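Reader: I am new to this structure. Please walk me through its helices.

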Amino acid sequence: SSDLDLSEVQASASTLKDAFMDGDEEKLHSSYSVVSEGIHKMQDETNSSLWDFAKTLPVIGTDITNAKMLVGCAADLSDNALSPLVDNLGGVRFSDLMQDGRIDTGIIKRMRDSVVSASPVIVKNADIMSQLPHGNVGQVNEVIDKIRDPLIDASAVLKDADGLFSTILGILGDGGQLRNYVILAQTNSEIRAAGGFSGSVGTLKVQDGVLTLSEFQ
């Protein structure tokens, strides 16, 4: 009954992902607007008195409740996780993350601030989705399963998002710290417990994301 067809929301969600990767800020905001509008129209519909009555019906009552919870989670994720990501990462081209032997730690910091802010919302809604009971309507179960599994996987990673990004920045020598790494090049001609036989060795110096690789000896 929504004026906005669900297929348009799905298409805009796909465009939204591409716009994130391409750094197309205009397309990012326009796609998000369509997605957000569609989700909130669905939320308005599922919050109606008709849906509240349908929750009390036998057989399909559980599915109606699950659908309402699903739309509620989608609205929360859209407003409090996706919206900040769109605002903070608009115009960032992820293809620029590494250029000319340098990893841009500034982009990583910008990503960290956005992801750390959004992670509690993602974790909370993943917990809600994981507790939804199995319903009787196959179509509803399929949609929930399709969304729940990747959301739970993302939640597991993002529970310590700040620590993860701090580790990455530390490895990259952020803040001017010089990091030195020894690299062993192994061959599989003489297998050892830790891999192949160490045939040559080199060093990698990293400072502020700038990578300098020595010749291997």
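Reader: At the start of H5, which residue's backbone nitrogen does a side-chain oxygen of Asp104 reach?
Author: The model is predicted. In it, H5 covers residues 105-130. A side-chain oxygen of Asp104 comes to within 2.9 Å of a backbone nitrogen at the start of this helix. That nitrogen belongs to Gly106.

Reader: Where in H5 does a kink lie?
Author: H5 has 26 residues and reaches 35 Å from its first C-alpha to its last, close to the 38 Å expected. Still, the helix has a kink of about 35°.

Reader: How far apart are the end C-alpha atoms of H4?
Author: H4 has 29 residues. At 1.5 Å a residue they should span 42 Å, so the distance found agrees: 40 Å.

Reader: At which residue does H4 bend?
Author: Gly91, with a positive phi near 90°, follows H4. The bend is within H4 and is about 40°. It lies at Ser78.

Reader: How many nonpolar residues are in the contact of H4 with H6?
Author: H4 and H6 pack at an angle of about 40°, with axes 11 Å apart. The crossing is left-handed. Among the residues in contact are Leu70 and Leu77 of H4 and Val143 and Ile147 of H6. By class, 2 are polar, 1 is charged and the nonpolar residues number 7.

Key:
Residues are numbered from 1 along each chain as its sequence is written. This is a predicted model: local features need pLDDT of at least 70, side-chain atom pairs count only at pLDDT 80 or more; totals for chains, interfaces and linings use all residues. Side-chain values use heavy atoms; hydrogens and water are left out. Helices (H or I, at least four residues) and strands (E, at least two) are DSSP runs, numbered from the N terminus. The expected span of a helix is 1.5 Å times one less than its number of residues. The bend at a residue is the angle between axes fitted to the seven residues ending there and the seven starting there. A polar contact is a pair of N or O atoms within 3.5 Å; within protein, one must be able to donate a hydrogen and the other to accept it, and residues adjacent in sequence count only if both atoms are side-chain atoms. Axes are lines fitted to C-alpha atoms, for helices over the stretch in contact, and angles run from 0 to 180 degrees between N-to-C directions. A crossing is left-handed if the near helix is turned anticlockwise from the far one by less than a right angle, and right-handed if clockwise. Contact means heavy atoms within 4.5 Å. Ala, Val, Leu, Ile, Met, Phe, Trp, Tyr, Cys and Pro count as nonpolar, Asp, Glu, Lys and Arg as charged, and the others, Gly among them, as polar.
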